[in-house]
Each structure stands twice: as C-alpha cells, then as structure tokens.
Amino acid sequence: MTLSMAPIEAWFSQQGWTPLPFQRQSWQAYLEGRSGLIQVPTGSGKTYAAVMGPIAEMLAVQGADTTQRRLQDCVQTVQKQGESENNKRPRRTTTPQTNIQGLRLLYITPLRALSRDLALAIQQPIEAMGWPLQVGIRNGDTASSARTRQLRSPPQILITTPESLALLLANPKATELFSGLQAVVLDEWHELMGSKRGSQTELCLSWLRRLRPGLRTWAISATIGNLEEAAQTALGTGPEPCLITAPIARATAIRSLLPESIDGFPWAGHLGLRMYEELVAALEPGVSTLLFTNTRNQAERWHQCLRYACPEMEGALALHHSAIDRAEREAIEAGVKNGALRWVVATSSLDLGVDFQPVERVVQIGSAKNVARLLQRAGRSAHSPGGTSQVLFMPTHALELLELSALRRGLAAGLVEERRPPTAPIDVLLQHLTSLACGPGFEPAQELAAVRTAWSYRQLSDADWQWCLRFLEHGGDCLGAYPRYRKLERDGDLYFVKEKAIARMHRLHIGTITADRAVTVRFVRGAVLGHVEEAFIGRLKAGDVFFFAGRQLEFVRLREMTAQVKASSKKSNTVPAWAGGQMALSDLLSRHLRAEVDRCSRALAGEAKLNSPELVALEPLLQRQVQLSRLPRQHELLVEVCNSREGSHLYAYPFEGRFVHEGLGFLWAWRLARHQASTITVSVNDYGFELLAPKNYPFEELFELHAEELLDATNLKDDLEQAINLSELCRRRFRAIAQISGLVLNGYPGQSKSGGQLQISAALLYDVFSRHEPANRLLAQARSEVLTEQLDLPRITLALQRLQRCSLQLERTPRPGPLAFPLLAERLNNRMSNESLLQRLERLRQEAERAEEGGLTQYID
C-alpha cells in the first residue's frame, strides 16, 4: 500500500502554509520505516515534522480498512439478492466503524506544561479536517478517572512524560495497551538525554521495542552539539539514525545594558538590583517580555523589585518558577498567551518549547553561563519561523560583560554545548525492573537482551545484571532479613512483584527527580501557593514575614509539612533560597571567555582593539588589573600572591568554570599542605580560585618549587579523594540514589517523611553497605557520580593538561585586584558577621581605594 500525505498537505493548504523541506523530508523518512532525529531552530515547526508522518499512516490504514469493509458489504448484498422479499424483514444497514482502535503514537515530553500546548497543536488539524483521531494527555496532573478511561479505551495519540510512561509499564495491562504502537516521538531530547530521566526513557523504549520490533522513534532537539550521539542515544543500538536538519537562519539580536560607571572592585551581584532603574527604563509596558534569571531566589527578588518600582504594572506583571503551584503557573502561561500579562519574571521553568507567540522580547538577568541555554531562552521571543529573537542582557556584575562578549562570539561561531548521557545508572535500572515486575512481569534473559539495546546500557555486564536480580529478589548481601527489600518473586520463567503493598508503594515513587523535602505553602484559609525547602521554613518563627510567589506573607504555623501563612503588609527582604542554584560556565563558553581575556590583553598592549561595547565599557577595570598585575594571554596561567591582615592569599585564574575550580582549589590546597602543613581556605568562582592561609605562609616559594606538581594529572583521582571529604560527598549523593532505586521511600501521600528522616534512613543504609558489602553497586555508583558529575573529574583532567602547556605567570601584588576581589567577596559571603555582606564589601572597597592612593598594602581588618 502506497501511503499518501495528501490529507496533511490539504490541511497545510487550508492554513495558507507550505510545508518546509525538512518537514516533508521527515514525513517521507517516517513512511519509509526509518527512525531519527530532527534538529532545527526553535519555533520552526518541529512538532508537525514529527507527528504528521504517523498521522498520515493512521489515516491511510483507516482508509484501507473502510474500503475493505465496504467491499465486504457489497459482496454480502450481492449474495442476498436472490432471497425473497417476503422471506425476511428488511435489515437495517449500519455505518461501519471507521475509528482507528488502540494507541498508535506516543509523544514523550519532559515538562507537563508542554503537554497542553502540544495537545492543542496536534488537535488543531484533527478537528479542522474531521480526522477520526483522539489525543490524550497523561501525566501527574491527569485525573484518576481520565487515566482509567485511557486504559479502557486508549486514544490514538498519547502525550506523556517519562515518569508517566514508566508508571504505565508498571500496569498489568501494559502489553495490551502498547500492542499496536507504531511510533514514539521524544520532544526536547537535548533536555532529557543528559539526565537520569533520559536513562529512564531509554529503558522504557527498550521494553517497547522488544514488544514492537518495528517501532519507529523520532527525537526532536533544538540545540545540541553532539547531534550524532544524541540521535543514537534516542534510537538505541538498532538502526542507523536519520539526521534531519535545516538551514533555517534564526537571527538573535542581543543588546546589553551598560552601567554608567564600572567599579574597579567588582563582586558577584554588585550591580544586580542597583541597575533596576536602567532596566525599567529599557522595558516597555506594551511589549510582551520574559525576564529570565538563573535561580528562583533571584527571580523572587527581581519580581519584588519590579512590583515596587512599577506599580502601574500591577495585574500585568507575574512570577513563574517551578516552586509555584501548578494551577498558578498554568494561569500565568495562559495570561502570556492571551496578552493579559506583559512582563513575566521566570527561571528555566519557561526555557523549553512552550509556544508564546505574543512574546516580543527576552531579558537575560545575569550571564546564562551556557550558549545553548541563551539560544533556548532567546527562542521564546518571536517563536515562529523566520522570526528574530530580541534579547536584552543585564549584567549583575561587571565581569559578566566579558561573558556576554564571549557569548556573542560563541553564537557567531554557531557552536553549542554537548550533552552526555549517564553511563548505565544502576539505580534507574533497579527501578525499571521493579516497574516491569509490578506490571506484565519479565523473563531475565529476554529482558537483559532488551536492556542492552538501550544506548546507555549497551555495555552492561553479566555480573552487574546478576547483582541487580539478586538485590531485588533476595535483598542482596545485607537486606535479606527484611521482607520489603525482597521484592521480586519467580512465577515460572517470569519475575513478578506479588506483594500488593510493595507494588503500591513502588508505583507511588516512580521517577528519577529527587530534591530536598519540600514544605507546601498554603494560606490558612485558601489556596496552595507552592513549596519551599524544609530548611528555610525551619528557620522561621510565628510572625516572621517573607516574600514568596510574588506575595508578602506572614508565617503562622507548620502542620504536617504544610506551612500555613497569611497575607501581610509588613515589609521584608527575606526570600526563600533553594539548593543547587549556582550554575557554572560550560566548557564551550570557558574557551570563548579565555579567548576574550586574551583579546583584551592584546588590546591593552596596543596589539588589537576592543571591538565590542561590553569590552569598551570594561576598559577602566581592565586597566586597573594591568596596573596591579596583568591580564593573562591564552597560553598563560596567571597566579597572584599577596599578604593582608587576614593572612596569605594565592589567586589562580584558569577561567574553567566554578565546578572545575572547586576541584582544582582543594587539590592545590592539599598538595601544598603536604610540603608545609597549614589550614587553607578555598573560595571559587567561574574565573578562578583563592587559597587563604595564615600569615607568612610561603605561597610564593612553594609555588615556584612545586608548580609542576600542582599541575600534574597523575594520580589525580587518588589525590582528590585525599583533598576532599569524598566519603561525605558520596553519602549525600547516595541519598538520591537510594530514593531512585526504591531503598528509601517518602511514605504514603499525606504521611510523607521529613527530610531529616529520609537522610537518616539513607545514611544508615550507606553505613551498612560500607561495612558489610563494600562492593555494593549503588555505593560504587555514588562514588562515580561524585567524581564525574559533581567534581567533573574528566574536565579537571583536561584543564590540568591544558595548564601544563601554559606559561606560568606569578605576580606579587600589594592587594587583591579586580579579578581577585570577586573571590574575596565569595568567601566573605559564607562567613557569619554582625555586618551585612554589602557593608563589609563597601568597607573593603573604600579601604582598597585608599590603599591605592596611599600605597598601603595592609587593608583588611
């Protein structure tokens, strides 16, 4: 049967559109039975490129079935023509059923918020053309009645999330539900593949492909550097992926707000809210604008600032981040689409493909730290083919202007960051196997073959597989005495979870997203506002006022993990802080930043020109750095040493990003202390790190004698384990692994454990395994994740190898210069004092300026 795209072309024509070449290419590849990845700029029509091929196939099959039924009816009519008219009463004819039965297309999206937009986009042609297809949504927000109805009578197209798909596989009817599945679409694959949610998706797809060997998979990605690896990860070890790209030019216009004067002693956030007047002047009430920040705390503060600075925007200004209640987030998204809301302060909660066509401008507050992230956020404006994204950049400290200049060059070069999938995470595999055992069951040999078709698990060893089975069936070496850890039971050749309580608890905790225990924030009499971390609420007492979800709130009481609050007119600057808020420079942006610093160094030496407005604005600060020390070239590593009343300071500037500098800082501190023991404090930022030792510590002499050792990558892993309390880091990481693998559970809804209870439970298991089963795979996974993800060992290794090739430039300075001052501020921010951070930094800045004028070197009290 030759499949036709005529129905699809007819709908496009009805809209006054012409399908783009990459869309037709995608449809043709799908109808030829191929799988692959589609990468085009945001807002170019990727969704229709991915779904119209499967829809055309469904319509063709439905048309063929209808024709066959009509032929059968004609044959039956001819056979009955010889019967006597009086022999029987005339039979009433019935219209043949033309609806396609069963689930045919599964659309997986990383965010619930995307589901509604996707459903509307797919339903638009279906309703306009009267196609006999149904679109359903299934995620954590779907009502139980709708879920039951979907199992009984599945829609032809189902939009879901990785967690909800895993939950479907834990249903005994999973085999029947997916028996007719023809295609899977993975939306925003670049966002999924770099996390355990991607691993979870890979495992679910491996089971679906075993059930449906001809299943076609199409991934959609907007911005990713390693395109081939991303496609292969989506498709598994099966066919060679078909890569579809399009030369669609998507212009991004970036304009930066420059401060009137640049402080010679910058620190992270020193511009920040002080530039709100410039930002307000640049915003236009009639222009729909998304203002992106990097953290929820920062979003709360900027919303509060704009609310007080622009009272006329009341009702047109909103705040959106993941800690705000879902219903309010949905109302905000609807307000942006219908034009009722003009300005929205947001975090990454609005990064992905929610279609906000009314949005005309994007504001990025602070550096995006990542080229791909800036592209993604820029794509929220002019979200349509051929549009030009308008981005206004507002620095939070002066050195971020260097980052913006580097970002410009990164965009001009057309390069974006790569995403790497995790390597065979055992905790996700344990959860997946338990899900299957709660559902249709699994046969070990068949399932091992299926799991190995998942790209991230292609090299899973027999020993690891057998350990997983023994751990789930018998509780491993340590937990066999506890029935709740003996989850799997044999029934013939298959494994099942037969204990209903275990299955029920497992289904409640499916997922790989772990976070600190959240406390729900609710009005004493009224709606839920969102959630904050338990540690923040634990510091409040009745009557304390804080700012959250765009409201001034007074804390009343804490009851069963719910903070009851009421509206307050009292003023407060207290805003919740959430863990994990700091972002580090990407590897790609670090390279561009080093090139930018090199360009500045050559310009100040008269060898080049400062050819961007950001660098021109920075010239006074750069001149001061050169006067005190120097600006490093690309082939140089700058190290500064100075003394103060605080002690001896060493500042190093690899420009490799915060996480790499954290590892390098502790590594250098430990290696130096081997030669002369001392207590050394480490502080880091994206540009470098500071080592602070007691007075008269001989940093200069030790560096000159042992510079080669400090940059040595030999025995790096062992030295890092000695330099950092690796055991404590592994213990913290194990808590999340224990939750994902099902060792630690939150309890039933309404009876959740506190964060402290979860931590104690995970810590006990960690200690038990460490003593009695040191070869436990989950312990090994915790250690591996700390080294490769938290400490970024591969990148530290590459950084040391690069620095070994650099010329070392040791400078003795009378005081910290412009590059060092942010590191000093970073350390002071983590110290308890009766002065606020702002007061301390302002005092230090004034003393440094007086020291410059008077030639003083001892300036810190």
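What follows is a conversation about the terms and the values behind them.

Reader: Before we start, what are the ground rules?
Author: This is a predicted model, in which local features need pLDDT of at least 70 and side-chain atom pairs count only at pLDDT 80 or more, while totals for chains, interfaces and linings use all residues. Residues are numbered from 1 along each chain as its sequence is written, and side-chain values use heavy atoms, with hydrogens and water left out.

Reader: What is the average pLDDT of the protein chain?
Author: The average is 86, and 86% of the residues score at least 70. The scale is the predictor's confidence in each residue, from 0 to 100.

Reader: Where does pLDDT stay under 50?
Author: One such stretch is residues 832–837, for which the model has six contacts beyond four places in sequence. Over residues 855–861 the pLDDT is also below 50, and this stretch has 22 contacts beyond near neighbours in sequence. A contact here means heavy atoms within 4.5 Å.

Reader: How many helices and strands does the protein chain have, and what makes a run count as one?
Author: The protein chain comes to 31 helices and 25 strands. Helices are DSSP runs of H or I with at least four residues, strands are runs of E with at least two, and both are numbered from the N terminus.

Reader: What share of contacts in the protein chain with a separation of 6 or more is between residues 24 or more positions apart?
Author: Those pairs account for 75% of such contacts.

Reader: Why is proline 125 called buried?
Author: Its relative accessible area is 1%, and buried means under 20%, with exposed over 50% and partly exposed in between (1.4 Å probe, protein chains only). So proline 125 is buried. This residue lies in helix α4, residues 112–129, and touches Trp11, Tyr48, Met52 and Trp131, leaving out residues up to four places away in sequence. Tryptophan 11 is 114 residues away along the chain, yet the two C-alpha atoms are separated by 6.5 Å. Across the protein chain, 56% of the 861 residues are buried.

Reader: How do you know that the structure has zero disulfides?
Author: A search of the whole structure finds zero. The test asks for a pair of cysteine sulfur atoms within 2.5 Å. In general, a disulfide is a covalent bond between the sulfur atoms of two cysteines.

Reader: Are cysteine 242 and cysteine 438 buried or exposed?
Author: Cysteine 242 has a relative accessible area of 8%, so this residue is buried. Cysteine 438, at 6%, counts as buried too.

Reader: What makes a space a cavity, and how many are there?
Author: On a 1 Å grid over the protein atoms alone, a cavity is a set of points where a 1.4 Å probe fits but cannot get out. The count comes to five cavities of 30 Å³ or more.

Reader: Which residues line the largest cavity?
Author: Lining residues have an atom within 4 Å of a point. Among them are Arg594, Pro632, Phe655 and Arg802. By class, the lining has five nonpolar, one polar and four charged residues. Ala, Val, Leu, Ile, Met, Phe, Trp, Tyr, Cys and Pro count as nonpolar, Asp, Glu, Lys and Arg as charged, and the others, Gly among them, as polar.

Reader: Why is arginine 594 called buried?
Author: Its relative accessible area is 11%, so arginine 594 is buried. The residue sits in helix α21, residues 587–604. Leaving aside neighbours within four places in sequence, arginine 594 is in contact with Gln634, Pro654, Phe655, Glu656 and Arg802.

Reader: And why is proline 632 called buried?
Author: With a relative accessible area of 4%, proline 632 is therefore buried. This proline lies in the loop between α22 (613–628) and β21 (636–644). Proline 632 and arginine 594 are 38 residues apart in sequence and 8.7 Å apart in space, C-alpha to C-alpha.

Reader: Is asparagine 696 buried or exposed?
Author: At 72% relative accessibility, asparagine 696 counts as exposed. It is found in the loop between β24 (689–693) and α24 (699–710), and has a positive phi of about 70° although it is not a glycine.

Notes. 1 Å grid on protein atoms, 1.4 Å probe; cavity = no way out; pocket = protein on both sides within 12 Å on 5 of 7 lines; lining within 4 Å. Points joined across faces, edges and corners; volume = space filled by probe spheres on them.
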